[in-house]
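Here is a short report for a first look at a protein model. Please keep the sequence and the structure in view while reading.

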Amino acid sequence: MGVPSWKQLDLSKKGAQRSAVTTGSKNKRDEPLFEELDWQSLAVRGGIHRSPEGEHSEPLYTTSSYVFDNAAQAAARFSGDEPGNVYSRYTNPTVRGFEERLAYLEGAEACVATASGMSAILSTCMALLKAGDHVVCSRDVFGTTRTLFAKYLGKFGIEVSFVPLLPVQAWQDALRENTRLLYLETPSNPLCEVADLAAMAEIARGADALLVVDNCFCTPALQQPLALGADVVIHSATKFLDGQGRCVGGAVLGRQELMDEVLGFLRSCGPTMSAFNAWVFLKGLETLALRMEAHSAAALALAEWLEAQPAVEQVFYAGLPAHPGHELAARQQKAFGGVLSFRVHGGQQEAWQVIDGTRLMSLTANLGDAKTTIVHPATTTHSRISPAERLDAGITDNLIRVAVGLESVEDLKQDLARGLAALG
Ligand SMILES: *Cc1c(COP(=O)(O)O)cnc(C)c1O
């Protein structure tokens, strides 16, 4: 007895692998339409698993396990002969709903929700890599991602080379015989550098490696890496997918065969998304495109305004025509996103004065929230890398990052003006 290995489940049908079938049904009225619905309609209606009560809003299934009608059904569920829920470590209808909805939005065959963005990355690596493999990772990734790659993968015999996000040639040069995975974020944090995803996908294909893209900054509302040739998309749902700073969660998306492996890891190791968090994220996806559009418009307005301020040395935002990634981002993304950074004249002291001079923005490293956040990367998010590396990556002591929220642009300008005025 025991839990069957994942391969025993029926994976023959797309999406069948986690068929978290409720005792009721999906919405019979709109399910047949899903193939033809627009992105925004799927953001609102995709992936609802209703109970027989017929809730209009997505139901929240708070249960660790599921009961069976009889012993034969229990056996069939365990063997995978009958699709359905067994235990919420690997299937829960609310979590399944979030996975289906996000899969529609990323244009993915399958999605696996995880407990956090970091566990999405870990699960991907544990599922798709083995000892002796080599990974090429962008130097310009989320700080903890870097720690995961640098400190923990090595323990299991996986070597990692870090390269600058640009130019593409740096990636080509870093390839080895045993390179199995390329990992990057675009646009990068905090300098908004933009990688050419189609070109990166070609390099990965040539090396017989997987291209894994953390799409946290753009979300599928602005960028769909899978359509450009990426193999796997990673999300920290904690950020823009939630959009209001309430829950921690993550997701991995890609081809069914790859996601089966990721789910196998989840099933055995357990970094599962909670049903409550999935419910919050499901609702977040409904307004994702509207929010990303508003974040982007406000960030562009602020970036343009900052460029005109005498105390500002340089602004980094791909929406500005002067940004080296502008044309590529305009082609690859629907808008330029909500994160920008800028350098003030001076050093750390001046940057801190500006930050401490603001009153409205939240001084926190988080992003993807309705509340605008401001942070000094060199002494917070990027403090763990060496000063030399920081400088090489352009994260100077006078750099400030702003993740633009949904307050009024005028109030945000006023707040930054207050900060800049603190320079005296
Ligand atoms: C926050 C973040 C992560 C990690 O996600 P958690 O949900 O905090 O674990 C990964 N990548 C990027 C780009 C992030 O901003």
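In which loop is the place of Pro167? Pro167 sits in the loop between β3 (159-163) and α6 (168-174). The model shown here is predicted.

## Two cis peptide bonds

The bond runs from Leu166 to Pro167, and its omega is near 0 degrees.

Pro187 is another case. The peptide bond from Thr186 to Pro187 is cis, again with omega near 0 degrees. Pro187 belongs to the loop between β4 (179-185) and α7 (197-206). For background, most peptide bonds are trans.

## A positive phi

The loop between β4 and α7 also holds Cys192. Phi of Cys192 is near 60 degrees. That is a positive value in a residue other than glycine. Most residues other than glycine have a negative phi.

## Two domains

How is the protein divided? The domain assignment gives domain 1 (5-286) and domain 2 (289-421). Their C-alpha centres are 29 Å apart.

The two domains touch. On the side of domain 1, 35 residues are in contact with 37 residues of domain 2.

## Cavities

Rolling a probe the size of a water molecule over the atoms shows where empty space is left. In this model the count is 4 cavities of 30 Å³ or more.

The second largest cavity has a volume of about 50 Å³. Which residues line the second largest cavity? They are Pro187, Cys192, Phe217, Cys218, Phe336, Gly337, Gly338 and Val339.

## A helix pair

Helix α11 (residues 288-307) and helix α15 (residues 409-421) cross at roughly 35 degrees. Their axes come within 10 Å. The crossing of α11 and α15 is right-handed.

Which residues of α11 meet α15? Ala298, Ala301, Leu302, Trp305 and Leu306 do. On the α15 side, the partners are Val409, Leu412, Lys413, Leu416, Ala417 and Leu420. The contact of α11 with α15 has 10 nonpolar residues, no polar ones and 1 charged residue.

How values were computed: Residues are numbered from 1 along each chain as its sequence is written. This is a predicted model: local features need pLDDT of at least 70, side-chain atom pairs count only at pLDDT 80 or more; totals for chains, interfaces and linings use all residues. Side-chain values use heavy atoms; hydrogens and water are left out. Axes are lines fitted to C-alpha atoms, for helices over the stretch in contact, and angles run from 0 to 180 degrees between N-to-C directions. Helices (H or I, at least four residues) and strands (E, at least two) are DSSP runs, numbered from the N terminus. A crossing is left-handed if the near helix is turned anticlockwise from the far one by less than a right angle, and right-handed if clockwise. Contact means heavy atoms within 4.5 Å. Ala, Val, Leu, Ile, Met, Phe, Trp, Tyr, Cys and Pro count as nonpolar, Asp, Glu, Lys and Arg as charged, and the others, Gly among them, as polar. On a 1 Å grid over the protein atoms alone, a cavity is a set of points where a 1.4 Å probe fits but cannot get out, and a pocket is an open set with protein on both sides within 12 Å along at least five of seven lines; lining residues have an atom within 4 Å of a point. Grid points are joined across faces, edges and corners, and a volume is the space filled by probe spheres set on the points. Domain bounds come from an automatic or database domain assignment.
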